[in-house]
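Have the sequence and the 3D view ready.

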Amino acid sequence: MSNTQTIEEGTEAKKIPELEHRNFRNDEFWQKIPGWSTVTRDEFNDHKWQVKNSVQKIKQVQKILGPLCTPELLSDLEAGQKITPMNIRITPYMFALIDWTNPWDDPLRKQFLPLGSQFLPDHAYYEADSLGEDTDSPVPMLTHRYPDKVLFLPTTICPVYCSYCTRSRIIGGSTETVDKSTYGANQKKWDDAFEYLLRNPLIEDVVISGGDSYMLTPKQLKYIGESLLKIPHIRRIRYATKGIAIFPQKILTDDDWVNALRDVHEFGRRYGKQVVVHTHFSSPQEITKASQQAMDRLFSLGILVRNQAVLQSGVNNSVDTMVKLTRQLGFINVQPYYVYMHDMVPGCEHFRTTLAEGIELEKAVRGTTAGFNTPTFVCDLPGGGGKRHVASYEYYDKENGISVWRAPYVKPGELFTYFDPIHKLSKEAQKRWADKATVEAMVKEAKSKVE
Ligand SMILES: *Cc1c(COP(=O)(O)O)cnc(C)c1O
Ligand code: SF4
């Protein structure tokens, strides 16, 4: 059903390195997984099959992989579960796209199935609610930080659980390391949030996140969308979901859900209001023919999709990967919007990159394709300063990995700090970070350069 059959596709593209981003794998890749060797294309593309066969336990990993799961891998996966703040949930689609002949280095395995051996000690300035979302929350499920836009979190469940989740404090149920107060769909609480929005005429823009909008039933999706669009001053809503990236089969075969999204979108258009989707592709390895077909369907309905990626070591922090991701997303009509510096939340030190890496990647990507398809690299400031362009720091001590920022509109007069991961600093700097008094002096010194 792909509408974008171009002559450059397939064999033509394979011969020309510059056109490699137009190649989309369309083989029965899941049949390489021993447990799914006889699963047909129709079964695999059925959204119900995907949900039913989602992997949620290490035991299941072992069973499905059979001999591909070596004892060494198994014990490392088990060790990972003792550290990670997130439970396991991974769709068969993502699971099967992992290169199980080399799981250690695989960018998808890293995101969903953490290994004990890969974790690093948390940074001294880590916080479970690093962005201060709970502090800036006037009513449950709502963060109101910027004057005209809010973040609405109607659910805490997702179709996959990412080991680096910025909301690991509330998403995905309690684990061995974190006790969570998760919540499911709760219309009464949603109505309280809508009531708040109704009383605040400055708000024009609502991000519906979570958790993941994919987990809302068609009825809930419609209820939330239409309730928001009926508020006179709300002009724009966005459904945030990692779904299109990690589970495109739902767009292809869950007609009720897609129709609900279509209806809200049309409802918005009748009122002259925007309804868009924000998704989260992290690496080109996640993009297949199914992604393209899912996007074709949404595009034909006139629904705009943007992408927000997180910059992660060993997943997408090379120029080649970031350029390919950017161009490939543009090609399937997903508009790259943001690439975030990794938030400073627990269990993520191994994923983080330095600010300098973010700035270098931004330079490398800009110019490779249309400006409107070029992501803005941002740092969402710890402590609630909001998102800032990576190169807009006030001061950056690269040696000690300390950057100092201002957020003049969001929090006038305040200074914010972001820190590079310790293991990427020089040996001398790492020694300084091991001493609390030295650390405090370094941070004070960096701030004094700005004040
Ligand atoms: C990211 C975010 C938004 C949306 O910001 P944009 O820059 O418009 O994408 C809104 N509210 C909060 C609290 C956020 O973190
Ligand atoms: S899909 Fe988003 S909210 Fe859910 S676990 Fe992943 S990063 Fe967190």
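How many residues are in the hairpin that joins S1 to S2? The answer is five. Keep in mind as you go that this is a predicted model.

**The strands**

Strand S1 covers residues 142-143, and two bridges join it to S2, with the strands running antiparallel. If you want a spot to look at, find Leu142, which stands opposite Phe152 in S2.

S2 has another partner too: four bridges join it to strand S3, residues 205-208. Here the two strands run parallel. In this pairing, Lys149 stands opposite Asp205 in S3.

**Ligand 1**

Which residues are around ligand 1? They are Thr143, Tyr146, Lys149, Leu151, Val207, Arg238, Tyr337, Tyr338 and Lys387. Sorted by class, that shell has five nonpolar, one polar and three charged residues.

Two strands each supply at least two residues of this shell: S2 (149-152) and S7 (334-340). As a general point, side chains in a regular strand alternate between the two faces of the sheet.

Now zoom in on the oxygen atoms of ligand 1.

| Side chain | Distance to an oxygen atom of ligand 1 |
|---|---|
| Lys149 | 2.9 Å |
| Arg238 | 2.7 Å |
| Tyr337 | 2.7 Å |

So how much of ligand 1 does the protein bury? Taken alone, ligand 1 exposes 390 Å², and the protein buries 91% of that. The space that ligand 1 takes is the largest cavity.

**Ligand 2**

Around ligand 2 you'll find Met86, Cys158, Val160, Tyr161, Cys162, Cys165, Ile171, Gly211, Asp212 and Lys242. What classes do the residues of this shell divide into? There are seven nonpolar, one polar and two charged. The space taken by ligand 2 is likewise described as the largest cavity.

**Putting it together**

Then move over to ligand 2 and pick out Asp212 and Lys242, which are among the residues around it.

Methods
Residues are numbered from 1 along each chain as its sequence is written. Chains are lettered from A and ligands numbered from 1 in the order in which they are written. This is a predicted model: local features need pLDDT of at least 70, side-chain atom pairs count only at pLDDT 80 or more; totals for chains, interfaces and linings use all residues. Side-chain values use heavy atoms; hydrogens and water are left out. A residue is near a molecule or strand if one of its heavy atoms lies within 4 Å of it. On a 1 Å grid over the protein atoms alone, a cavity is a set of points where a 1.4 Å probe fits but cannot get out, and a pocket is an open set with protein on both sides within 12 Å along at least five of seven lines; lining residues have an atom within 4 Å of a point. A molecule sits in a cavity or pocket if more than half of its atoms lie within 2 Å of its grid points. Ala, Val, Leu, Ile, Met, Phe, Trp, Tyr, Cys and Pro count as nonpolar, Asp, Glu, Lys and Arg as charged, and the others, Gly among them, as polar. A polar contact is a pair of N or O atoms within 3.5 Å; within protein, one must be able to donate a hydrogen and the other to accept it, and residues adjacent in sequence count only if both atoms are side-chain atoms. Accessible areas come from the Shrake-Rupley method with a 1.4 Å probe; for residues, only the protein chains shown count as cover. Two strands pair if DSSP finds at least two bridges between them.
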